Structure formats: C-alpha cells, structure tokens
Amino acid sequence: MNKVATSPAPKKVQGGSRAKKFLADNGALVGLVVLGLALFIATPDFLTGPNLLNIGIQASVIAVLAFGLTFVIVAAGIDLSVGSVAALSAMGSAWLFSQGSMPGWVAVVGGLLIGTLSGAVSGYAVAFGRLPSFIATLAMLSIARGLTLVISDGRPIATAPEVSFLGGNLGVIPMPIVVLVVAGLVAAFILNFTVMGRYMYAVGGNKEAARLSGVPVRKVLITVFALSGLFAGLAGLLLSGRLDSAQPQAAAGYELDAIAAVVIGGASLAGGVGRITGTLVGALVLVVIRNGLNLLNVSSFWQQVVIGVVIAVAVGIDSLRRKNTPH
Amino acid sequence: MNTQPILTLDNVTKSFGPVTVIKGVTVHVHPGKVQVLLGENGAGKSTLIKMMAGIHQPDGGRILVDGNVVQITDTNASEALGIATIHQELNLVGSMTVAENISMGRFPRHFGLVDKRTMRQTATAALAMIGLDIDVDQRVGDLGIARQQLVEIAKALSLNARMLVLDEPTAALTKREIAALFAVVEDLRKRDVGMVFISHHLDEIASIGDSVSVLRDGEFIAEVPADTHEDELVRLMVGRSIEAQFPRRREWDGPADTLLEVTGLSTKGVINDVTFSVRAGEIVGLAGLVGAGRTEVIRAVVGADPYVDGSVKVRGKDLPKSNIGAAIRAGVGHVPEDRKGQGLVLGATVNENVGYATLATTAKSGLVDRTGQRRRAQDIADQLRIRMHTLDQPVGSLSGGNQQKTVFARWIVANSSVLLLDEPTRGVDVGAKVEIYELMNAITAAGGAVVMVSSELPEVLGMSDRILVMSGGHISGELAADDATQDAIMTLAVRDVQRDNEDKLMEDGHE
C-alpha cells in the first residue's frame with residue numbers, strides 16, 4: 001500500500017500525537033532521562049555538580065570519536081580504526097613536541113593532520129580500491145596501532161602543553177566538555193547544512209541513485225573517512241591531554257564504544273540515517289550507565305555485561321519500531 | 001457462479017492511522033478461475049493481497065475460506081489455508097539450489113541430516129506439475145527471473161496451495177516468458193487452482209483472466225468479465241475516459257538544432273558503433289529486445305558507464321567519458337530503468353530527492369540553499385502534481401507513478417534539456433502514464449530533446465517521432481513515426497546486423 005503515508009501531514013498533527021512522535025523518534029533520549037531519574041533515586045551521589053562534570057569528561061572522548069563515526073555510518077560505511085587512529089594521532093603529536101622539538105601548536109595541528117590522513121587513506125582504499133569499509137578500516141586499525149608502537153617504542157611520550165590544555169579546565173568548565181560541544185556543533189553543521197553533508201545521506205541511502213544524480217560518490221567516501229580520522233585525532237589529543245602523555249595502548253577498543261554510541265543514537269548501519277544529537281545521547285547513555293554502576297559499586301566485569309545488553313535492547317527496540325511503521 | 005469460492009473477502013475495510021485505504025471491498029476467488037484485480041497504484045490492490053497473505057488484517061468485514069469465517073493472522077496461517085502469494089520480489093535464496101528452495105523450511109531429514117534424495121524427488125515432482133524441465137541441482141540465482149518465478153510457483157504447489165496470488169508476475173518478463181507463464185496458469189486452471197492476478201498490462205487481462213474486480217481509491221467500483229474492452233477498463237479504473245492513451249503533441253516551433261549527437265559509440269562487448277542524433281523538440285524511441293544494448297547506450301551517453309570508442313556531443317560540445325557531473329552540467333538528465341534501485345534514495349524525503357542534481361550548483365560556499373531548494377521542490381511538485389502529504393515524507397512512501405514524477409522533477413529543476421528515459425512508465429499505472437507522456441510533451445514543447453527506451457511497443461509507436469531499433473548491440477534500423485508498425489520494429493529487432501555486414505563485405509569483395 002504505497003500511497004498511504006503513516007505519518008499524517010504536520011499541520012494536522014495534534015499536540016498529543018506530536019509528543020508521541022517526538023518520543024518515538026527519540027527513544028534513546030527517553031532512555032537517558034529514565035536512566036538519569038533511576039540513578040537519581042538510587043543514589044544521592046549521582047545528581048551532583050562534580051559527578052555531572054565527570055560524566056561530561058568521560059563522555060567527551062567517546063562522543064568525539066562517535067561524531068566522526070556518524071559521518072561514516074550515515075554514508076553506509078563503518079570505521080573500525082578510530083581507536084587506533086586516535087592513539088596514533090596523540091602519539092604523533094607528542095612525538096613532534098618531545099622528539100621533534102616542534103612548537104606546541106604544530107603538535108596540535110600535526111596530530112589532527114595525522115588523524116585526517118589516516119582516515120583519508122582508508123577512504124581511498126574504500127573509494128578506489130573497492131575494499132569493503134569493514135576490511136579497509138580493520139587494516140587501518142592494525143596499521144595505526146602498529147605505527148603508534150613503532151613511534152613510541154612501546155613507551156608513553158609527554159604531550160605538548162597545548163595538548164594538555166585540552167585536558168584541563170577553562171575556569172570551572174573542563175576543556176573536554178567545551179571540545180565536545182564545539183565538535184558536536186561542527187559535526188551537526190556539516191551534516192545538515194553543507195552540500196557534502198547532504199551527499200553523505202544520499203550515498204548512504206542509495207549509492208547508485210546518488211551517483212546517477214551527479215553526486216561525486218568517491219569524493220564523499222574519502223571525505224567521510226577523512227572526517228572520521230580528524231575527529232579521531234581530536235579525541236586522541238583529548239585523551240592524551242588528560243593524562244599529559246600519549247600512551248601506546250590508549251583508546252584500544254574504543255571503536256566499539258563509538259559504534260555502540262552511534263547505533264544507540266538511532267543511526268542505521270545500513271546507511272542514510274543518523275543524527276549528531278542521537279549520537280551524543282548514545283554516548284551519554286553508555287557513560288551514564290558506567291558511572292551509575294560505579295556509584296552503585298557494581299563490578300566492572302558486570303558493567304560490560306550490562307552495556308552489551310543495553311546495546312542489544314536499544315537497537316532491538318529501534319528496529320522493532322521501524323518494522324511496525326509500514327511505508 | 002455456482003461453485004463455492006475458495007476465498008472471499010467480504011466487505012473488508014482497512015485503515016492505517018487516519019487514512020482508510022480499503023473501504024468495503026468484496027472479492028471472490030473461485031477454483032479454476034483467474035480473478036484479476038485492476039486499479040491504479042494506490043487503489044488498494046496491494047493491501048487486499050496482503051490481507052490474503054496474512055500480512056495485514058482487515059479492520060472490518062470478514063474473510064471466508066470455503067464458506068467458513070477465518071482469521072488469517074500471519075503468513076503461516078495463510079499458507080496453512082492453502083493460499084500462496086507470489087510477490088514481485090521473489091522469496092528465493094539465489095545461492096541455494098532449486099531443490100533446496102522448493103523444500104525451504106521443511107527439509108526432509110534422514111538421521112538428522114538433510115535427505116537430499118527425497119528433497120530432489122519432491123522438487124522434481126513439483127516442477128513436473130507445471131511442466132518445468134530444469135536441473136533441480138542448479139542454483140536458483142543462475143536462472144532467469146521467469147524461471148525463478150516458476151520455481152516459486154512450483155514451491156507453492158508442493159505446499160499443496162490451492163489458491164495462488166500473482167502480484168504483477170509479468171512485469172519483468174519478455175513476451176515469450178509471459179506466454180510460458182500463461183501456459184502454466186492455464187494448466188493450473190484445469191487443476192482447479194484459484195488465482196488472483198495483478199497486472200498493469202491491460203492487454204493481458206483478456207487472455208488470462210476470467211473476471212475483473214476494479215478498484216479505485218480503496219473502493220470497489222465494478223466486477224466485469226475479463227473480455228471487457230480495454231478502453232472501458234481504463235474508464236472504470238481512472239473514473240474518466242482517457243481520450244488518447246498516447247497524447248503525443250509536437251509544439252516546438254523553434255529551430256530544430258541537434259542537441260544530442262552520438263557517433264560511433266562502442267562499449268566493451270555490448271554495444272557496437274552506435275550513431276544517432278536527436279534534435280530540439282523531438283522524441284526518439286529506442287526499441288529492441290531486452291539485452292539488445294538499449295540501456296547500455298543510455299548509460300554510456302549519460303556517463304554512468306565507460307565506453308571504449310566514439311563520442312557524445314551535447315549542443316555541439318564534446319562530453320567527457322564517464323563523467324556524470326559534466327553530463328548534468330551540459331543539460332543531460334537520466335531517468336534510469338530501475339526507479340527504486342537507481343533513481344531514488346527511497347528513505348530520503350521528496351524534497352531531498354528532487355534536489356540531488358542541483359544541491360551543488362545552487363549552494364553558496366558549500367552550504368545548501370535550504371529555502372531555495374524547498375521552494376523549487378514545492379513548485380515542481382505542484383506543477384507535476386506529485387501526490388504526497390508533505391515534501392518531508394520519504395519518497396518510498398509514494399506510489400510508483402509519483403515516485404517516477406519525482407525523478408523527472410529532479411531533472412526539470414536542473415533545467416535539463418536532453419532527457420534520456422529508460423522504461424519511463426514501467427510499473428506506473430495508467431493515469432500516471434498519461435501524466436508522464438504529457439511531461440514528455442512539455443519537455444519537447446520547450447525545445448528539449450528526449451530519448452526513450454521502452455519495451456512496450458504501443459508506447460514507442462505512440463510517443464516517438466522517430467524510432468531507432470537495436471539488435472545485438474547495433475542500431476539495426478530507423479523508422480519514421482508515421483510508417484512504423486509493431487511488425488516493422490520486430491523485424492528490425494531480430495535482425496542480425498553483424499552477419500548482414502559480413503555478407504555485404506563478402507559480396508562487395510566478389511564484385
């Protein structure tokens with residue numbers, strides 16, 4: 001039954017059904033609020049200023065990684081290399097400063113460039129080498145981690161003060177939260193307002209239709225992976241800035257958290273769907289659960305079990321909802 | 001009819017949210033009879049079928065099987081009642097064998113292992129029922145679409161189906177394959193299988209159907225015998241008579257400049273030395289059998305595929321090879337063969353889909369011109385009468401005709417003056433077909449040039465000013481609209497150009 005749209009025209013929408021639609025479209029947000037309320041009731045330590053700032057800091061690295069990954073997933077790709085690329089960028093930046101005696105700002109820009117370049121290489125492999133993005137970025141995951149170890153010889157390297165600043169405070173506000181907000185705004189702007197951003201949705205929704213409409217598909221693919229690399233580089237700098245040193249094993253396994261955040265946020269791995277606000281909520285859900293379980297003294301072993309269940313349930317609910325909406 | 005119907009949908013209704021899509025429709029399916037459901041896209045045919053298949057349940061009315069009221073709660077229930085539905089998208093696993101597909105979900109076991117011998121026997125028996133002689137160990141994916149369809153029918157019969165619902169089974173078939181399918185239908189009729197048949201090809205109805213239920217906007221309009229005249233069927237379907245099915249008008253009185261010039265175009269292994277040109281205000285039909293290379297010519301011209309030799313000129317300027325962007329900038333628009341797979345991003349909104357070709361050209365320093373884009377999309381949607389609730393609804397939720405109009409809208413917004421249409425009315429209902437023809441008239445009236453690939457000869461004859469016929473990758477002949485006939489086209493379509501050329505060379509050499 002094609003002619004019938006399930007959602008009525010906006011002008012006819014009543015207040016109640018509009019609220020219902022909002023809730024249906026923002027399941028993860030509802031989950032986050034419920035989670036917050038439950039933790040507020042369960043422990044007095046949850047809703048305190050320091051704890052909320054702590055959540056913000058913890059969310060920053062995952063969220064920034066996940067913002068970058070959102071571009072890739074919207075364009076129907078996947079980037080498994082973000083954790084490794086973050087580590088390589090951080091290590092490269094620290095190396096430029098400590099071993100290369102470069103000024104701090106060069107270390108910052110250099111770190112971001114390393115991330116962008118790594119992403120672009122994956123992008124080239126996907127766009128021109130016709131490698132599935134899963135494989136291309138799996139390779140990059142290994143290559144970037146390897147290079148990180150090569151550069152550092154397996155030892156931590158001190159970061160530039162400019163990088164450490166990213167991990168510090170701006171007045172009472174922690175810098176990671178500032179970076180998180182700015183990165184989120186930039187990512188949302190790119191996706192919603194730029195031609196390249198709209199092309200990402202088109203390529204993810206139907207690559208062939210996009211190509212035949214004149215969308216430069218290869219350029220779009222390289223761009224999404226380069227952006228993912230850039231955001232991974234930024235996340236790497238954030239992480240090393242907090243520790244004042246780049247660690248060779250930093251951010252290992254973070255790609256899975258980032259993918260989880262994007263998917264909990266409502267993006268589809270099939271492409272064409274995804275929003276930065278959703279991704280932010282997804283990242284917060286993950287961090288709030290960890291934070292809450294810590295406050296409730298649940299062992300970190302069990303935390304992993306809970307996170308796994310949450311991912312499965314969140315995505316399960318989402319796809320059930322989609323299935324129940326005939327088009 | 002005196003026989004007890006196998007299935008009756010009795011005064012059924014169905015709503016999705018606030019929209020009622022079926023309003024009190026009654027349909028009977030009798031053993032050994034073919035009941036045709038006729039209606040435009042969106043008239044409610046699919047919903048009725050889905051009720052029979054157990055995918056949707058009616059909100060009102062009753063479903064009777066053998067005179068008893070039943071609830072068809074899901075597809076399993078439908079199957080258990082002996083109702084099998086052959087959807088357009090076939091339910092087969094291409095990488096598995098014919099035998100495995102026929103026994104899918106109920107593999108015969110022998111000590112916990114798959115009993116391949118019994119499975120092959122089941123498959124052979126099922127295929128014999130419809131006289132299909134193929135190797136049961138062949139992978140289904142290696143069969144053509146027509147045979148896959150027959151395998152699916154055989155599978156249904158091996159499940160003891162006594163009623164088949166065929167949803168546009170002929171849409172993707174060639175003439176010969178359709179004849180084979182109809183022979184099977186004829187055979188099933190003798191076995192007292194009841195059938196429901198949906199098709200957009202009116203000419204098929206008389207040859208295959210017994211009775212026609214006409215639907216319009218979810219309402220039951222009439223039940224008429226299948227030999228009712230086509231014009232009358234169209235009138236019942238669209239609620240008004242259509243003056244001419246092919247309203248070709250030539251209204252361009254400007255200079256007949258050559259807009260598109262294709263010279264010696266050859267691709268690797270498919271098309272060979274194709275040369276033609278199209279002038280302003282002209283529609284050139286590209287006819288030929290499936291596989292003759294028509295789609296390949298179009299794809300090479302618009303830059304979708306590379307070519308090894310030849311040139312493409314638009315308004316006298318060479319187009320670079322396989323560069324879609326350059327072709328679009330030169331004013332070339334392409335309505336591809338497969339609307340859902342190649343024409344549209346189904347999950348994206350109507351607004352977005354209209355804008356893809358013009359996003360970059362209307363952008364200001366990389367930023368999308370959102371207001372302008374919306375205004376242009378709304379204007380063109382109004383102008384082309386794209387029936388939708390809002391610009392923000394996914395284009396996949398529109399009917400086939402309105403989806404196709406959305407593809408056209410993209411090129412009209414982009415000011416394309418050379419349009420290459422590949423089966424522009426496939427899967428589109430009669431009313432929307434005429435709207436698309438009018439659109440082609442409007443494009444040529446404004447001085448545009450159109451190339452139309454179509455497998456429907458009446459359409460080619462009715463809408464083209466000139467007809468090029470392709471055969472085996474060559475242009476085998478050209479016919480003026482006035483002296484073209486279906487026979488003339490078919491004669492050229494089966495001509496072996498390669499051999500003719502060689503013969504001619506031989507003769508020239510001897511003389």
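User: What conventions apply here?
Analyst: Residues are numbered from 1 along each chain as its sequence is written, and chains are lettered from A and ligands numbered from 1 in the order in which they are written. The model is predicted, local features need pLDDT of at least 70, side-chain atom pairs count only at pLDDT 80 or more, and totals for chains, interfaces and linings use all residues.

User: Which confidence scores come with the model and with chain B?
Analyst: pLDDT is the predictor's confidence in each residue, from 0 to 100. Where pLDDT is low, the predicted coordinates should not be read in detail. Chain B averages a pLDDT of 89, and 97% of its residues score at least 70. The model has ipTM 0.84 and pTM 0.79.

User: How many helices and strands does chain B have, and what is its radius of gyration?
Analyst: Helices (H or I, at least four residues) and strands (E, at least two) are DSSP runs, numbered from the N terminus. Chain B has 19 helices and 22 strands. The radius of gyration is taken over C-alpha atoms, and the globule rule is 2.2 Å times the number of residues to the power 0.38. For 511 residues a compact globule would come near 24 Å, and the 25 Å of chain B agrees with that. Its C-alpha trace spans about 70 × 65 × 50 Å along the principal axes.

User: And what are the figures for chain A?
Analyst: Chain A has 14 helices and 4 strands. Its radius of gyration is 20 Å, close to the 20 Å from the globule rule for 327 residues, so chain A is as compact as a globular protein of that length.

User: Where does strand β20 of chain B sit, and what pairs with it?
Analyst: Two strands pair if DSSP finds at least two bridges between them. In chain B, β20 (residues 449-453) has 5 of its 5 residues buried, so the strand is largely enclosed by the rest of the structure. B:Ala449, B:Val451 and B:Val453 point one way from it, and B:Val450 and B:Met452 the other way. Strand β15 (residues 283-288) pairs with β20(B) in the parallel sense over 4 bridges, with B:Gly285 opposite B:Met452. Strand β19 (residues 418-422) also runs parallel to β20(B), joined by 5 bridges, and B:Leu419 has B:Val450 as its bridge partner.

User: What does phi show at B:Glu423?
Analyst: Most residues other than glycine have a negative phi, and most peptide bonds are trans. Phi of B:Glu423 is near 50°, a positive value. B:Glu423 lies in the loop between β19 and α16 of chain B, and counts as buried because it has 21 C-beta neighbours inside 10 Å.

User: How many residues of each chain are in contact across the interface?
Analyst: Two residues are in contact if their C-beta atoms, placed from the backbone, lie within 7 Å. By that rule, 42 residues of chain B are in contact with 31 residues of chain A. Elements that each supply at least two residues to this side of chain B include β2 (19-29) and α15 (400-413).

Definitions and conventions
Buried ≥ 20, exposed ≤ 12 C-beta atoms within 10 Å, placed from the backbone.
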